[in-house]
Amino acid sequence: MEAVMTKKVVIPETLSEDGKQYLTDRGIELIEVPTTSGENILKYGKDADGIILFVDQIGEEVISQMPNLKIIARHGVGYDNVDLKAGANHGVWVTITPHANAATVAETTIADMFDLSKNLTNISMAMCRGDAGYAMKHRGFDLAGKTLGIVGYGRIGHWVAKKASALDMNILIYNRTPRESPYGQFVDFDTIIQKSDVLTLHLASTPQTKHIIGKAELAVMKPTSVIINLGRGSLIDEAALIAALRNKTIAAAALDVFEREPLPKDSPFFELDNVLLTPHIGSNTVESFSRMATDAASEVVRVLNGEQPQWPVNQVK
């Protein structure tokens with residue numbers, strides 16, 4: 001791939017050095033910003049040819065003011081924070097990095113399963129407060145023999161099933177398009193909701209998946225069950241989940257994504273002792289960030305060289 005000369009790309013200053021090196025080695029000028037908010041992009045990089053985007057929202061208001069923009073390369077697989085139509089209307093490709101973080105997010109899912117089942121974070125925090133007796137009053141549960149329900153069987157769901165298959169769990173899978181899997185049994189949505197001891201969500205954010213877990217679904221889950229969401233915040237009706245956790249309709253939850261990010265400081269989630277909260281860090285490893293940065297950078301270079309991107313999520317005329 002030949003170098004792209006005299007082009008500018010807006011990137012988050014925390015982008016992996018591998019991604020930065022990939023771009024600079026090909027003659028691209030970096031415009032590093034604290035966050036890729038619309039305000040920062042327009043303030044520092046209005047004339048940029050490309051953007052590598054984390055989770056900030058970007059739409060018509062920003063895209064229409066950037067005459068040189070050719071590509072918005074998402075650092076990850078979700079793209080609900082980008083207005084695809086606005087991009088297409090202005091000749092701007094939107095791309096993702098589908099192969100970079102699936103196994104990592106699956107590992108984080110398994111980590112959440114272990115944390116919830118053994119109550120590790122709460123026990124550790126209680127110990128730090130001097131409450132050594134907390135653990136005996138808040139015992140965990142074995143994963144072996146329990147039912148794991150995986151909602152969404154794309155790359156991440158597949159990896160979760162594969163890794164969890166070593167835990168002696170009964171694995172159920174729900175996907176809009178059922179297919180064969182060596183790791184679990186495909187079932188309908190009602191079955192997976194009712195039978196799962198651990199329910200984990202790995203769906204994209206679409207109008208069809210919005211609040212796929214709501215009051216009705218939570219009401220029929222086992223009172224001993226736990227739910228994990230490393231997909232998108234919109235998958236769960238947060239008000240319904242907060243009520244279910246307060247009322248012990250379900251036992252616990254682990255949430256890495258939220259309907260508003262960052263999670264507002266006044267969120268009722270912070271008042272609960274049966275929810276594990278993390279700030280969208282499902283793929284937060286050195287290796288995964290390097291792969292995402294490099295893959296996003298390669299898409300930028302490809303488009304700025306006049307080539308078609310490998311992983312577009314919109315179509316440019």
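**Domains and salt bridges**

Tutor: Start with one residue. E259 is partly exposed, at 37% relative accessibility. Buried means under 20% relative accessible area, exposed over 50%, and partly exposed in between (1.4 Å probe, protein chains only).

Student: What should I know about the model itself?

Tutor: This is a predicted model, where local features need pLDDT of at least 70, side-chain atom pairs count only at pLDDT 80 or more, and totals for chains, interfaces and linings use all residues. Residues are numbered from 1 along each chain as its sequence is written, and side-chain values use heavy atoms, with hydrogens and water left out.

Student: Which side chain does E259 meet in a salt bridge?

Tutor: Side chains of opposite charge can pair when their charged atoms come close. A salt bridge is a side-chain nitrogen of Lys or Arg within 4 Å of a carboxyl oxygen of Asp or Glu. Here E259 pairs with K210, at 3.9 Å from N to O. K210 sits in the loop between β9 (198-201) and α10 (215-220), and E259 in the loop between β11 (252-255) and β12 (275-277), 49 residues apart. Helices (H or I, at least four residues) and strands (E, at least two) are DSSP runs, numbered from the N terminus. K210 is partly exposed too, with a relative accessible area of 48%.

Student: How many salt bridges does the structure hold?

Tutor: It holds 9. One of them joins R232 and D80, with the closest N and O atoms 2.9 Å apart. R232 lies in the loop between β10 (226-229) and α11 (238-246), and D80 in the loop between β4 (71-74) and α4 (84-89), so the pair ties together parts 152 residues apart in sequence.

Student: Are R232 and D80 buried or partly exposed?

Tutor: R232 is buried, at 13%. D80 is partly exposed, at 40%.

Student: How is the chain divided into domains?

Tutor: Domain bounds come from an automatic or database domain assignment. Here that gives domain 1 (8-100 + 286-305) and domain 2 (102-277). Their C-alpha centres lie 31 Å apart.

Student: What area is buried between domain 1 and domain 2?

Tutor: Buried area is the accessible area (1.4 Å probe) that two parts lose on being put together, summed over both. Between these domains the figure is about 550 Å², and carbon and sulfur atoms give 42% of that. The count of salt bridges between domain 1 and domain 2 is 1.

Student: Where do E299 and R302 lie?

Tutor: In helix α12 (residues 286-304), 3 residues apart, so about one helical turn separates them. E299 is buried at 0%, and R302 is buried at 12%.
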